[in-house]
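Here is a short briefing for a reader new to this structure. Look over the sequence and the model, then read the points below.

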Amino acid sequence: MAEAPAPQAPSQSPQPPATVADIMRPAATTARQNDHAAAAAYLMKHAGASALLILDAQADQPIGILTEADIIRAVADHKDLNDVQIRQLMTTGPAVIGSMTSIRDAAQTMTSKRFRHLPVMGDAGLVGMIDIIDVCRALLDLGASRPSDADTSR
């Protein structure tokens, strides 16, 4: 008589991301406020970044954020990026979130305040950055991991 196959453990599918720490990019691209905007644009292009965190030279803490939109506004206003310093274009005092913030709370902050980028702080200071694309992907992953209403109504 043949033996019944041994029961298999349920397959462990990867858990969808739940916190900002799960989706952030740890190597945030940074610059200093007295750098020229042209250098910032060059750095953004070559780093594939759509925003730069601007750090205080002494405290190494974020004091501003410079985004592609800031660069575009400067160019549209006919400013020479070689003559403009980052501090003249950046948004000062950027909102930050903690690394253990839920993705839903991050999405709420980003949509209510119309942010596309958020610096992420941990116990040791700046630990990374998220953008709206990271959050949207994570929310889609969260939605895909839950049974749909059609699946549960059977």
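Strand E6 (residues 117-122) pairs with E7 in the antiparallel sense, over six bridges. The model is predicted.

- E6 and E7 belong to an open sheet of three strands, in the order E5-E6-E7. Its pairing is mixed.
- Strand E5 (97-98) and strand E7 (125-131) stand at the edges. Each has a single partner strand, so one side of each is left without a neighbour in the sheet.
- Opposite Met 129 in E7 stands Pro 119.

**The helix across the sheet**
- Helix H4 (residues 103-113) lies across E5, E6 and E7.
- H4 runs at about 135 degrees to E6.

**Helix H3**
- Which residues of H3 are buried? In this helix (residues 68-76), they are Asp 70, Ile 71 and Ala 74.
- Seen down the axis of H3, these buried residues fall within an arc of 100 degrees, so they line one face of the helix.
- An α-helix has 3.6 residues a turn, so residues three or four places apart point the same way.
- What do the buried residues of H3 pack against? Their partners are helix H2 (37-47), strand E3 (62-67) and strand E4 (91-92).
- Ile 72 and Ala 76 are exposed. Both sit on the face of H3 turned away from its buried side.
- His 78 follows H3. The phi of His 78 is positive, near 60 degrees.

Conventions: Residues numbered from 1 in each chain as written. Predicted model: local features only at pLDDT ≥ 70, side-chain atom pairs only at ≥ 80, totals over all residues. Heavy atoms only, no water. Buried < 20%, exposed > 50% of the residue type's maximum accessible area, 1.4 Å probe, protein only. Helix = DSSP H or I, 4+ residues; strand = E, 2+ residues; numbered from the N terminus. Arc of directions from axis to C-beta. Contact = heavy atoms within 4.5 Å. Pairing = 2+ DSSP bridges. Axes fitted to C-alpha atoms, helices over the stretch in contact; angles between N-to-C directions.
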